[in-house]
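Hi,

Here is the structure I said I would pass on. Have a look at it first, and then read my notes below.

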Amino acid sequence: MTKGTFPVERFKSIETPFYYYDVDLLKETLDKIKDQTHKYGYHQHYAVKANANHKILQIIAAAGFGADCVSGNEVKAAISAGFPCSKIVFAGVGKTDKEINLALDYNIFCFNVESLPELEVINELAEKKGKKASVAIRINPNVDAHTHEYITTGLNENKFGFSMSSLDKVFDKIKTFENIELIGIHFHIGSQITEVETFEPLCKRVNELQSQCEAKGIQLKNINVGGGLGIDYDDPNTNPIADFGSYFEVFHKHLELRKGQILHFELGRAVVAQCGSLISRVTYVKEGDSKKFVILDAGMTDLIRPALYQAYHKIENISSDLPIAKYDVVGPICESSDCFVKDYDLNETKRGDFVALRSAGAYGEIMASQYNCREIPKAYLSDKL
């Protein structure tokens, strides 16, 4: 989607701020992923935490994807949207008994397990239900994803998963659990990774670990390498779809699957980010002593990534073709951190203009809050507007 393709006239009757999703772009993105996964025989589980809008989930489920969930409510949201239980994986470092029991009752495909205490609890709860829980062990490969520290997850000092050095103990312990079936291993090194070569060391670690498992007589049916592929926040108009071809090719070239093994992925951001925009109206244009401020009716409660991660989102005045001026673009929240960008080039802006904050389909709507007693923005899909 480009600046000129937003249906601005239709927006005039809608209360702002709101999330707007380009359904055609989402479906085109899903088709690109399916082309690549079918090419290699890979399985894709959409990471629900990126965007759990029910209608978005329905579209992704209808495309045949599985779901990667990190809470019991995400499991329920996925099932409600049409994802089959047999394609749902459940990750997370702090699963509660309630959440584990829920997933056991739904007979999901797999738990991605992150600690020995969690394994013990899953075994106990499965025993009470007379069931055997399928698990994959999440392993920290100590691979640096070269991304923001808040979204790096594959290093030894991160809270997620088992260290490589603890695996012998873990595998030995699993053999004592009668209600656990080890069906694979799981990895996730981080998010917003734009250089696909970063995944090559992960492939090397997986290959090493495969040999280690085979030496202990452990045969793994499934390898899950998580997600992490980034998108182009700087220029979503030129690059609306991530380079899935290069991404999947890295794993095809460098990861040595055994006969009959299935390789699983858990992409989220790269699936939904570019199809979504946060649409806001300009409330005021304020003249400061040395700069101008565009004050929007959307704030950090509606899109927290800039305040939380110092993340960048391209901002467009979709009402104006006037010459460029420089502004700080801020929100109405009573926090100094409620600033989307400073000294930003924007078409000359006036009160009432519509502004689009781009690439907001991932970690936008799902992270919205009611701080300052604000309402959660509504969402609209392009085919229903």
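To get you started: which residue forms a salt bridge with Lys 12? The partner is Glu 9, and the closest N and O atoms of the two are 2.9 Å apart. Glu 9 is exposed, at 59% relative accessibility, while Lys 12 is partly exposed, at 48%. Bear in mind throughout that this is a predicted model.

A search through the whole structure turns up 14 salt bridges. Take Arg 374 and Asp 302, whose side chains meet with 2.8 Å from N to O. Arg 374 sits in the loop between strands S16 (354-357) and S17 (378-381), and Asp 302 in the loop between strand S12 (292-296) and helix H11 (305-309), so this pair ties together parts that lie 72 residues apart in sequence. Is Asp 302 buried or exposed? It counts as buried, at 0% relative accessibility, and Arg 374 counts as buried too, at 17%. There is also a network: Lys 291, Asp 328 and Asp 343 are joined by salt bridges that share partners.

Another pair is Lys 221 and Glu 181, with their closest N and O atoms 3.4 Å apart. Lys 221 is in the loop between H8 and strand S9 (222-224), and Glu 181 is in strand S8 (residues 180-186), so here the parts tied together are 40 residues apart in sequence. Glu 181 is partly exposed, with a relative accessible area of 31%.

**The nonpolar cores**

Now for the inside. The largest nonpolar core has 105 residues, and Phe 83, Phe 111, Leu 119, Ile 137 and Phe 251 have the most contacts within it. Helix H2 (residues 23-40) gives the most to this core, six residues. Domain 1 (8-18 + 275-381) and domain 2 (23-271) each supply at least three residues to this core. A second, separate core has 11 residues, including Phe 6, Phe 18, Tyr 20 and Ile 279.

**Helix H9 and Phe 251**

Which residues of helix H9 (residues 244-254) are buried? They are Phe 244, Tyr 247, Phe 248, Val 250 and Phe 251. They lie on the same side of H9, because they cover an arc of only 140 degrees around the axis. The elements they pack against are H2, helix H8 (200-215), strand S10 (262-265) and helix H10 (269-272).

If you zoom in on Phe 251 and leave aside neighbours within four places in sequence, its contacts include Tyr 42, Phe 199, Leu 202 and Phe 265.

Cheers

Definitions and conventions:
Residues are numbered from 1 along each chain as its sequence is written. This is a predicted model: local features need pLDDT of at least 70, side-chain atom pairs count only at pLDDT 80 or more; totals for chains, interfaces and linings use all residues. Side-chain values use heavy atoms; hydrogens and water are left out. A nonpolar core is a set of buried Ala, Val, Leu, Ile, Met, Phe, Trp, Tyr and Cys residues joined through side-chain atoms within 4.5 Å. Buried means under 20% relative accessible area, exposed over 50%, partly exposed in between (1.4 Å probe, protein chains only). Helices (H or I, at least four residues) and strands (E, at least two) are DSSP runs, numbered from the N terminus. Domain bounds come from an automatic or database domain assignment. Contact means heavy atoms within 4.5 Å. The arc is that of the directions from the helix axis to the C-beta atoms. A salt bridge is a side-chain nitrogen of Lys or Arg within 4 Å of a carboxyl oxygen of Asp or Glu.
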